[in-house]
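Please keep the sequence and the 3D view open while reading.

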Amino acid sequence: MDTPEASLFRKRAAEVAEQLARYIDQGYQGLGPAVSNRPMSDVRGSLQAGRLLRDGFASDQQFSEFVSAVLSDTTHLHHPGYMGHQVGSVETATAFGDFIHGVINNPGSIYEMGPSATVLETVVLEWMMEKIAWCRSKSAGVLTHGGSLANLTALLAARGRIAPKAWTEGTPGDLVVIAPASTHYSVARAVSIIGLGSNQVWAASVDQEQRLLSESVESLIERAKDEGKRVMAVVVNACATTTGLFDPIAQVATLCEKHGTWLHVDGCHGASFLVSEQTRHLLDGIDRADSVVWDAHKMMRTSALAAAVLFKDAESFNHAFQQEASYLFYDHERNGVDYLGRAVECTKSPMGLKTFLALAAGGETNLARYLDSRVALASQAHQAISQRPGFECPYQPESNILCFRAPGSDADQVAIRDALLRDGRFHITSAEIHGRRYLRLTFMSASTTPDTVESLLDWIEQWLIGR
Ligand SMILES: *Cc1c(COP(=O)(O)O)cnc(C)c1O
């Protein structure tokens, strides 16, 4: 006999699974809109959240309607028209990780609270370090809640190496971080949080395509010496958020080795491209970095959030966090490792479980196939766009991100994106490169094809004629 809890769970889980299966189906077939853009008050109305909070679900029917309302006002990441933000169009097996976690609630921080969560985190981290070609016995990592936190953790370790007393005495005033102007804002935030002040992020010059110029890094390192400053870290993008282009990691690694400077690779979006033989070369030199961050919830198709911060030298973790929590970091024979001492978080979700499931669903081969197909599509889109009169692409894409311009002014690009969002069939973003406004495509959904791109371009042309 089921307990009442188990019986209700079984029934409602079946209902949720049924609705989600239909949702997946509709997504892949491109039925309905890619994005819901209804005003907040309308969405509130259909969720009836206020009433439900007060009274609770009165029946299975009400529960089912609520789930259906939730699913109607979503951005549909499996839809072919979804070419928006860099959020993973998930391998749906990852959902079982979130689902299982929702029942067992075993945080992945200390071994005794979740042995299987800890083991899967270890397995995922080892797999990542192997992809970077680091020595498993010397390197170490941790999964943390997002790339922004991962960048913060990496920079804390860099601070700890150059200024070992900073943890207890505060951040010295002579530290700077060199990063290309195209760096994600989370790096400047981390630098501020660490106490350097965001003015201590020195922007290295980038080329026309916003790729880091390594000469500029060298001259900034020299300038720092002249001004009596110490370079805490050099940050490179793999790849840059706006353009999807990769900085020259190997060139910068050579400079960092020469000057004894910490090299941090922000691989939030692009580290996954290590998995494919066709794209691995984009990350040449990554094994020479001191720290790498890698988001699983972008190109590894895991649900948000799951990010890794990885150090070539495991000792780096001792520099990052020098705090003791005696009730947790006791020192005797244990069955497994505790990840607590390596992360900002105390309690954290078992990110290894869902990342593992996303990966194991089809294995590495499947992931590589997905990555290759999305890169190939960006390349095909580049061609299709360049052939349309009045349209232009500022660069040949390297990853699955591509910027382009439709005929018209900067303001027109923004107007096109707004009109697309109102229409709902396609979800795209927009970005600025060297002060010029572009439309931006990120090919995340596995169902997007060259035909989708042609329909998008047709739509834009028609809209421009008809307005
Ligand atoms: C997405 C991204 C980030 C931020 O990662 P979150 O997981 O969203 O916190 C940082 N850097 C780069 C290059 C990114 O693409």
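## Terms and basis

A polar contact is a pair of N or O atoms within 3.5 Å; within protein, one of the two must be able to donate a hydrogen and the other to accept it, and residues adjacent in sequence count only if both atoms are side-chain atoms. The model is predicted, so local features need pLDDT of at least 70 and side-chain atom pairs count only at pLDDT 80 or more, while totals for chains, interfaces and linings use all residues. Residues are numbered from 1 along each chain as its sequence is written, and side-chain values use heavy atoms, with hydrogens and water left out.

## A buried lysine

K348 is found in the loop between α12 (316-320) and α13 (351-387). Helices (H or I, at least four residues) and strands (E, at least two) are DSSP runs, numbered from the N terminus. With a relative accessible area of 3%, K348 is buried. Buried means under 20% relative accessible area, exposed over 50%, and partly exposed in between (1.4 Å probe, protein chains only). A polar atom of the K348 side chain lies 2.6 Å from the backbone oxygen of L143.

## The ligand and its shell

Which residues come nearest to the ligand? They are G147, S148, D266, D295 and K298, out of 15 residues around the ligand. A residue counts as near if one of its heavy atoms lies within 4 Å of the molecule. The shell divides into two nonpolar, 10 polar and three charged residues. In this grouping, Ala, Val, Leu, Ile, Met, Phe, Trp, Tyr, Cys and Pro count as nonpolar, Asp, Glu, Lys and Arg as charged, and the others, Gly among them, as polar. Helix α7 (residues 147-162) gives the most to the shell, with three residues.

One from D266 lies 2.7 Å from a nitrogen atom of the ligand. One from D295 lies 2.8 Å from a ligand oxygen atom, and an N or O atom in the side chain of K298 is 2.9 Å from an oxygen atom of the ligand. On its own the ligand has 380 Å² of accessible area, and the protein covers 87% of it. Such areas come from the Shrake-Rupley method with a 1.4 Å probe; for residues, only the protein chains shown count as cover.

## Nonpolar cores

A nonpolar core is a set of buried Ala, Val, Leu, Ile, Met, Phe, Trp, Tyr and Cys residues joined through side-chain atoms within 4.5 Å. The largest one here has 89 residues, and I178, W294 and L310 have the most contacts inside it. A second, separate core has 25 residues, including A381, L402, F443 and I460.

## Salt bridges

How many salt bridges are there? The count is 28, where a salt bridge is a side-chain nitrogen of Lys or Arg within 4 Å of a carboxyl oxygen of Asp or Glu. In one of them, K11 pairs with D60, with the closest N and O atoms 2.8 Å apart. This pair links distant parts of the chain, since K11 is in helix α1 (residues 4-29) and D60 in helix α4 (residues 60-72), 49 residues apart. K11 is partly exposed at 46% relative accessible area, and D60 is partly exposed at 31%.

R38 and D73 also form a salt bridge, at 2.9 Å from N to O. R38 lies in the loop between α1 and α2 (40-47) and D73 in the loop between α4 and β1 (82-83), so the pair ties together parts that are 35 residues apart in sequence. Salt bridges also link D207, E209, R211 and E398 in a network.

## Backbone details

Where are the cis peptide bonds? One joins A238 and C239, with omega about 5 degrees; C239 is in the loop between β5 and α11 (249-259). Another runs from A304 to L305, with omega near -10 degrees, and L305 is in the loop between β7 (291-295) and β8 (307-311).

A133 is not a glycine, yet has a positive phi of about 75 degrees; A133 lies in the loop between α6 (115-132) and β2 (140-144). H434, also other than glycine, has a positive phi near 45 degrees. H434 sits in the loop between β10 (427-433) and β11 (436-442) and is partly exposed at 47% relative accessibility.
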